[in-house]
2 protein chains.
Amino acid sequence: MRTTEYTRDNMVDLLRQHGINPTHQRIEIAHALFSHYGHLCADQVMAITNAKHSETSKATVYNTLNLFLEKKMIREVIVDPSKVFYDPNTYPHHHFYNTATGELTDIDVEDIGLTGLPQLPPGLVTEGVDIIVRVRPSP
Amino acid sequence: MRTTEYTRDNMVDLLRQHGINPTHQRIEIAHALFSHYGHLCADQVMAITNAKHSETSKATVYNTLNLFLEKKMIREVIVDPSKVFYDPNTYPHHHFYNTATGELTDIDVEDIGLTGLPQLPPGLVTEGVDIIVRVRPSP
DNA sequence: CCAAGGGATTGGACTATGTCTAATTCTTCG
DNA sequence: CGAAGAATTAGACATAGTCCAATCCCTTGG
């Protein structure tokens, strides 16, 4: 578990560590993602970065999120057909997804035991395993 | 594993078993899903049902797929941010997802051992557990 | 300091998936 | 037959995300 504070200076370092040129917009977007440690979607990221003064366009938000993904600085979580969540936690873990509220909660990878994955067809390699536990309020 | 043939007559029975009034369009859509045993998305379903004569509108395709989901006659698989796959196999199982080709392959639930799911916060119940193994061609 | 070049950002048009609505058609049944 | 209710429809609409050409900005060399 990370204990770093998510200052803008630390964001600059983080970006550099991932080979990303730290620009104003990228710093703000990284800060939004990491300081609201959680699971934001693109429009939430945009709302947060533009809360005070509108300074980042939709195109840049999407460009930047995709750049972060490519450089593996963040991860995407696909649980809702209508939008992608971006997860600043790249340490292996899984998720509870509350289908009523849309809330995502982490499950530590240590907490789940997974055995007996079938062999892959030849010529394929595993990119990752996502476990999503869909939950809802009891009736 | 089902061995039934997916004739239109059998589709009528299947619809009735799920409390769905079997209309022409619903029979065709069920037939498309079950005879192409696999994982289709809405536009593929529409293309198949309208292959010979165009007789089913986009609205009906979506209405019907959502009705089938509601009645638990099929399942949705959310792995691609841009579209939903519909899965006629409602027996518990998981998926390989080939991120390069978009291909989905079933993993029998018996083949995977899953232990130690963390306790749910009170007031929540589990709807289901989806395991997605993302794979890609080895480089 | 200035100018050039290249990367970053931008508005806005565009695409694709999916939803909504009001009008129409189909089916059922007295 | 005729009324009522269910199903279907075309097309407008909503929304997430992509694309592109124009502009901006930052760095570097002279």
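Between chain B and chain A, 18 residue pairs are in polar contact, both residues at pLDDT 80 or more; a polar contact is a pair of N or O atoms within 3.5 Å, where within protein one must be able to donate a hydrogen and the other to accept it, and residues adjacent in sequence count only if both atoms are side-chain atoms. This is a predicted model, in which local features need pLDDT of at least 70, side-chain atom pairs count only at pLDDT 80 or more, and totals for chains, interfaces and linings use all residues. Residues are numbered from 1 along each chain as its sequence is written, chains are lettered from A in the order in which they are written, and side-chain values use heavy atoms, with hydrogens and water left out.

**Who supplies the interface**

- On the side of chain B that touches chain A, strands E2 (75-80), E4 (93-98), E6 (113-115) and E7 (124-137) each supply at least two residues; strands (E, at least two residues) and helices (H or I, at least four) are DSSP runs, numbered from the N terminus.
- E7(B) gives the most to that side, with 14 residues.
- By type, the residues on this side of chain B divide into 19 nonpolar, 10 polar and six charged, with Ala, Val, Leu, Ile, Met, Phe, Trp, Tyr, Cys and Pro counted as nonpolar, Asp, Glu, Lys and Arg as charged, and the others, Gly among them, as polar.

**Extent of the interface**

- Chain B and chain A bring 35 residues each to the contact, which means heavy atoms within 4.5 Å.
- About 3200 Å² is buried between the two chains, 60% of it from carbon and sulfur atoms; buried area is the accessible area (1.4 Å probe) that two parts lose on being put together, summed over both.
- Within chain B, the residues losing the most area to chain A are Ile78(B), Glu127(B) and Arg134(B), together 19% of what that side buries.

**Salt bridges and strand pairing**

- Four salt bridges are counted between chain B and chain A, each a side-chain nitrogen of Lys or Arg within 4 Å of a carboxyl oxygen of Asp or Glu.
- One of them joins Arg134(A) to Asp130(B), with the closest N and O atoms 2.9 Å apart.
- Strand E6 of chain A (residues 113-115) pairs with E6(B) in the antiparallel sense over three bridges, where pairing takes at least two DSSP bridges.
- Gly113(A) stands opposite Thr115(B) in E6(B).

**Chain A itself**

- Chain A has four helices and seven strands, in the order α-α-β-α-α-β-β-β-β-β-β along the sequence.
- Its C-alpha atoms fill a box of roughly 50 × 45 × 30 Å, taken along the principal axes.
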